[in-house]
Amino acid sequence: MLKTSWFKTDKHIIIALSLLAALLCILFLTYGAKGQWGFVLSFRGVKIFALVLIAVAIAVSTVLFHTITHNRIITPAIMGFDALYVFIQTSLLFFLGVIEFINLSGMGKYLLNIVIMVALFLGLFHWLFLKANRSIFLLALTGIIIGIFFRNLSYFIFRLLDPNMFAVLQGELFSSFNAVETDLLGISAVIIGLCLVPIYLMRYKLDILALGRDKAIALGINYKPNVFGLLAVIAILVSVSTALVGPITFFGLLVSNLAYLIVKNQNHVNLLIVACLIAICTLVGGQFIFEKLLGLQGTLSIVIECLGGITFIWILLRTHRR
Amino acid sequence: MFLKYFFAFIFLLFLFVFSLFVGVSDFDLFGAWADEGDQQLILLASRLPRSFAVVLTGSALAIVGAIMQMIAHNKFVEPTTAGTMDSAALGILVATIFIPTSSLMIKMLIATVFALVGSWVFLRILRRLPVTNPLLVPLVGIMLGGIIGAVANFIAYETDLIQYLTVWMHGDFSGILRGRYEMLWLTFGLSLCAYFIADQLTIVGMGKDMAVNLGLNYRTIVSLGLIIVAMVTAIIVATVGMIPFIGLIIPNIVNRFMGDNLRHALPVIAYIGACFTLICDIFGRLIIYPYEVPIAAIIGVIGAAVFIYLLLRRDVHA
Amino acid sequence: MIKVQNISKKLGAKLVLDEVNFSLKKGGITAIIGANGAGKSTLLSLMARLLPLDCGQISFDDLDTGKTPSDVLAKKISILTQSNYISARLTVLQLVMFGRFPHHKGRPQKADHAHVAKILELMELDEIADRFIDQLSGGQQQRAYIAMILSQDSDYILLDEPLNNLDMKHARNIMQSLRKIADEMNKSIILVIHDINFAAAYSDLFIALKDGKIIVQGSVDEVMTEGNIELIYDMQVDIKTIDGKKHAFYYT
């Protein structure tokens with residue numbers, strides 16, 4: 001854990017993390033590179049670009065989700081929303097039929113997925129969160145089970161489509177930072193960029209929204225439209241990251257809670273930037289260590305799941321000592 | 001009363017016989033009776049073992065769930081929400097890596113030990129959770145299972161055993177043949193053991209103080225219960241693979257009309273578990289005939305839906 | 001005969017009981033009184049072997065609680081703890097029948113059924129015997145738990161705040177039943193009770209704890225003095241004798 005006393009202000013933390021991120025990126029780009037530099041740099045550059053996009057999408061969506069739901073435990077991924085995305089993908093395949101699905105251009109497919117995702121996400125959120133006052137644990141548990149439900153349903157539908165294919169969807173459901181879908185990078189970057197604009201514009205409003213519904217309304221915020229707008233942004237970010245790597249349950253939880261731990265002045269400008277930087281350092285650094293140093297392929301996501309799961313239990317035990 | 005039992009038995013028998021007829025190759029029961037050729041082979045080598053396997057697995061998993069709920073004092077605990085299933089799968093994986101030539105029996109023993117350790121760790125963590133929030137228990141259990149599963153995945157990935165692990169992690173009856181399922185009969189014996197100590201398990205479910213007051217050796221009964229749970233889980237994971245939620249939804253449905261007195265409830269739990277699993281298996285074999293959908297996917301969908309219903313039924317929970 | 005010799009108990013860093021000694025003859029009702037945190041519940045739990053002893057010795061009719069097998073003790077002593085939350089879904093009848101477990105070991109005989117029926121009637125539970133306990137009111141649940149303990153039919157009955165959740169009418173009924181059981185069946189009942197007047201009206205002896213030590217002990221008449229009550233509870237009360245019985249007035 002970083003000792004907070006090393007850094008006098010949040011600005012120092014941000015600068016230090018930025019330098020670390022840059023250093024890790026350079027290391028990743030150049031370490032052990034042989035042969036043509038142009039090729040290596042562009043090949044690895046694409047990879048780093050993808051990792052950075054994923055890191056930003058997950059970090060931002062998680063912190064925003066925490067702000068809206070006033071907790072630091074449940075994240076969009078824990079609520080099963082990335083499993084929802086996979087489910088939409090398979091059901092599109094099912095209902096449109098394989099031929100229609102292939103005829104749809106890659107871009108069109110992707111955008112259609114995202115549109116449906118936003119709609120279903122808002123519906124699910126409305127169903128789970130805006131009814132009655134449910135405890136955070138009930139929501140978390142329900143979310144996890146919803147995730148299991150959608151994963152099994154996707155698997156089920158996939159078997160209906162093509163009974164001969166074992167474990168193909170398994171590959172889809174099993175995230176890997178090695179096999180990032182690079183052909184979607186350009187459009188993903190544009191979408192994430194577009195999402196960051198409203199968040200930037202709302203950066204001060206977010207601090208007020210974090211105070212809770214009643215206080216936000218008392219302070220003159222038009223609560224419902226703002227929350228639903230943010231939810232749409234979260235849904236889009238979750239879709240993008242899931243489309244790129246597949247579901248990763250605990251990464252958001254890990255980086256957001258690290259950010260809460262080290263940021264001193266917890267306004268959203270600081271929190272969002274620090275969370276993104278931590279996410280970038282973790283992904284690029286982790287991938288560097290696992291792929292280049294240890295020579296272990298595609299296991300970073302498993303390690304993150306493992307650490308994230310332990311963190312989750314630890315947070316639960318810490319906040320609920322007997 | 002007698003009539004009720006009679007009809008219940010006829011229903012199970014009907015499902016069982018029906019499931020014998022579901023399959024790719026043509027088969028008629030009387031043909032198998034009359035001549036000793038292919039027909040009898042299909043019946044004895046494939047169909048009967050499969051139907052028995054389904055019944056044994058369904059009833060044993062339901063019973064195991066009920067036992068765990070008594071031990072953990074929590075309605076949402078079962079082998080997949082307590083890390084037991086994942087521990088067993090990890091155990092089989094470890095056995096396969098370190099003793100590649102080991103028999104199924106050895107693998108099961110090692111898996112049993114892992115499942116025991118996993119459940120024990122879970123119970124240790126439980127002690128630190130507040131009793132007032134029953135939802136924390138399955139939450140922590142599922143996470144624990146996820147962590148153990150991630151460790152298993154990591155090991156399997158590095159040793160190129162992902163294919164095998166995938167088989168153990170996803171329950172499927174399609175591989176059941178004569179000679180490869182007989183271990184499952186052990187679960188029947190274990191279920192009988194559970195019935196033998198049904199009263200003690202119910203008393204354990206009333207809490208430690210009550211159990212001691214009634215002169216019970218609390219630890220012994222909990223250990224016995226856990227051993228039954230671990231062995232059943234290990235056997236099922238090794239022969240069929242992981243099947244989620246049977247142990248959760250069946251006891252929760254039964255206790256709504258019968259209560260939790262296991263002396264009365266266990267046979268009903270076993271019966272409904274068997275019927276439910278048979279129906280799901282028949283459905284999985286028919287829906288994309290002549291192919292089939294693995295049982296774990298079907299029960300995963302139905303089980304998760306029932307679980308969500310059970311969770312949200314009482315809206316204001318703790 | 002209960003003998004409690006030199007028992008002490010630490011829970012965490014706190015010494016909850018400090019060198020407690022007393023002995024009680026068989027029969028009658030003994031009330032353990034004292035302020036919150038005085039160690040009353042811990043004392044009961046130690047006597048009923050729910051907690052292990054740090055040092056000292058407790059025996060019931062020469063059965064040492066540390067050495068006697070638990071299932072033998074279950075026929076000698078029974079305890080109702082303060083909070084009873086049972087997550088298992090049982091009917092009142094099933095619950096009370098489980099009180100007979102030390103006797104029938106899972107195979108209830110005719111005598112067990114007869115005994116349970118008697119207790120259900122005594123506790124006014126016979127009409128709701130087939131209801132699940134989670135469908136009952138707090139008071140009904142409390143009576144069901146007491147019925148379960150009584151059906152255990154042990155010589156010594158320890159009750160930790162048995163009047164929890166009970167209204168005036170049922171509280172009095174329970175105390176009258178306990179009195180009857182103590183007198184007619186020669187049982188020893190030891191209870192922790194907060195309402196000093198209830199305790200005084202129905203008990204024979206008082207044991208008063210303060211900070212883990214016995215500070216006053218004796219018959220109800222001896223203990224119910226203004227000086228003693230102030231010593232035990234650190235508050236001033238008026239003791240008045242009405243119809244030959246002492247009452248404490250502390251409401252105003």
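Buried means under 20% relative accessible area, exposed means over 50%, and partly exposed lies in between, with a 1.4 Å probe and protein chains only. Keep that in mind as we look around this predicted model, where local features need pLDDT of at least 70, side-chain atom pairs count only at pLDDT 80 or more, and totals for chains, interfaces and linings use all residues. Residues are numbered from 1 along each chain as its sequence is written, chains are lettered from A in the order in which they are written, and side-chain values use heavy atoms, leaving out hydrogens and water.

Let's start with charge. Arg124(B), Arg127(B), Lys208(B) and Arg219(B) form a positive surface patch. (A patch takes residues with over 30% relative accessible area and no salt bridge, joining like charges within 9 Å; a salt bridge is a side-chain nitrogen of Lys or Arg within 4 Å of a carboxyl oxygen of Asp or Glu.) Arg124(B) sits in helix 5 (residues 104-127) of chain B; a helix here is a DSSP run of H or I with at least four residues.

Chain C has a negative surface patch, made by Glu121(C), Glu124(C), Asp126(C) and Glu127(C). You'll find Asp126(C) in the loop between helix 5 (110-122) and helix 6 (138-151) of chain C.

Now for the cysteines. A disulfide is a pair of cysteine sulfur atoms within 2.5 Å, and the count over all chains is zero. Cys25(A) is in no disulfide: its nearest cysteine sulfur, that of Cys281(A), is 8.0 Å away.

Here's how accessible some of these residues are:

| Residue | Relative accessible area | Class |
|---|---|---|
| Arg124(B) | 42% | partly exposed |
| Asp126(C) | 43% | partly exposed |
| Cys25(A) | 15% | buried |
| Cys281(A) | 10% | buried |

Definitions and conventions
Patch = residues over 30% accessible without salt bridge, like charges linked within 9 Å, V, L, I, M, F, W, Y side chains within 5 Å. Areas by Shrake-Rupley, 256 points an atom, 1.4 Å probe, with all protein chains shown as cover. Lys, Arg positive; Asp, Glu negative; His and termini not counted. Charge placed at Lys NZ, Arg CZ, Asp CG, Glu CD. Helix = DSSP H or I, 4+ residues; strand = E, 2+ residues; numbered from the N terminus.
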